[in-house]
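Hello,

Here is the structure I promised to pass on. My notes on it follow below.

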Amino acid sequence: ATVDTDGRELVGGWVSVTGGRIEAVGSSLDPLPVVGAETQVVDVADCLVTPGLVNTHHHIYQNLTRAYPPMTDKPLFGWLQSLYPLWRAIDEESVHASAFVGLAELALSGCTTSTDHLYLHPRGAGDLLGAEISAARSLGMRFHPTRGSMSLSQKDGGLPPDDVVADDDEILAASEEAVHRHHDRSFGAMTRVALAPCSPFSVTERLMVASAELAERLDVRLHTHFAENSEDDDFSIATFGCRPMEYLERTGWCTDRTWVAHCVMPNPDEVARLGAAGIGVAHCPSSNCILASGISPVNALRAAGVKVGLGVDGSSSADSASMWLEARAALLLAKLRDGAHTMTARAVLEIATRGGAGCLGREGELGVLAPGAVADLAVWRLDGPLFAGAIADPVEAWLRCGPAAAWHTVVNGRFVVRDGHVTHAGLPDMLREHARNGLQSQLDAAVGASRHQVHAHVRDMAMADRILDEVAQDHLHG
């Protein structure tokens, strides 16, 4: 399934790759390329081959706190306030481990390119953006991290605690420095950086305006959360005197360099305005369900000309970072919202590939199997009990049957997943490192709460601190 402009599906198809690019694509009726002594031939009989899937919204560090009990039944704002005390403990080591594990998980679901909305930068945490870029390079994934930010703390009317926010000028300087250090403008780039103030309820209006101006000057993309749920709408009206769409317009974000996350609550007029502006939308169906945010009007957005891609969202809200799972959820929710005839597996495959490439400004480069495009492919086995009887339509079978994981995931012409397994030999060690960092952050939060309670009842605070530290270490090593 090429997902090219003609939607070609090639029975007995083949793809020829040279130097990280697709050289040719053909069917069983086309002559095969000349195979030399150094050519590697991979037989994928009984498989569906698609472009690699493109993840357009994530908060990878959140996989350190998956399925955390205090937040499993809360809507967005309460959910965030429950988790900030844990997340404020992240550092370079934990972010590197979380990025490596998170990107490996995505690769297992056929994802070849992922963005990440890293908006949390606690003071003294180190170079978090550099840490996750290093993990992506080590694993071999194509990566679009964003330099996120928060500048409104609880004392300013925002949600996050004071020690994870920064002032506007500090954020703008760090954002520009991140682009200069990491952004690769070349065709086929493995790393590109975007600017991403977290959300209208966690940054100042001045930062929104200045970030749009900086992105224009640096020629990079813009990303933020937008129209996520009814709380988001209520906050915008109460704080800014307008709906989120008007706020996006007045801050200079209505441009084709912008893609927004969720976009659950636009009204029909706003859908048309989003399309006219050429904005992209990262549709995050599982997260929207778990947080009871609603169902995004994906069909209407696409009809209006909005570039719709898929996002797994943060691991703490969606918990499973599987692009295949998000694709299937997108199929089901669109049918539920608009009617059984309104969404097909082919349309969802296009959203998960070409739509994601559009959000990232890389149409024709990613998300398609065509000569000249990057050699990012996913290979899906369509055999065994899960697919028994599914012989009429391999694309519909891919999304209706399952659950499915990629058999091979190829990025830039190299295997990141082969025969259903991550190829990087360091994954077991990184999983142990990830487990240690995840447990440490949860213990830090628990011990912090315990200190507050214990200090209210004892006189010898130093002794209480020593006991709490020893208990935490016992749990960590036990």
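Arg66 and Glu105 join their side chains in a salt bridge, N to O 3.1 Å (a side-chain nitrogen of Lys or Arg within 4 Å of a carboxyl oxygen of Asp or Glu). The two lie 39 residues apart and link distant parts of the chain. Arg66 sits in the loop between strand 4 (53–55) and helix 1 (76–87), Glu105 in helix 2 (residues 92–108). Helices (H or I, at least four residues) and strands (E, at least two) are DSSP runs, numbered from the N terminus.

This is a predicted model: local features need pLDDT of at least 70, side-chain atom pairs pLDDT 80 or more, while totals for chains, interfaces and linings use all residues. Residues are numbered from 1 along each chain as its sequence is written, and side-chain values use heavy atoms, without hydrogens and water.

The salt-bridge count is 27. Glu396 and Arg400 form one, with closest N and O atoms 2.7 Å apart. They are four residues apart in helix 14 (residues 394–400), so about one helical turn separates them. Glu396 is buried at 15% relative accessibility; Arg400 is partly exposed at 48%. Buried means under 20% relative accessible area, exposed over 50%, partly exposed in between (1.4 Å probe, protein chains only). Arg362 also bridges to Glu365, at 2.7 Å between the closest N and O atoms. Both of these residues are buried. Glu9, Arg346 and Asp393 are linked in a salt-bridge network.

Last, helix 5 (residues 205–218). Its buried residues include Leu207, Met208 and Leu218. Asp219 follows the helix, with a positive phi near 55°.

Best wishes
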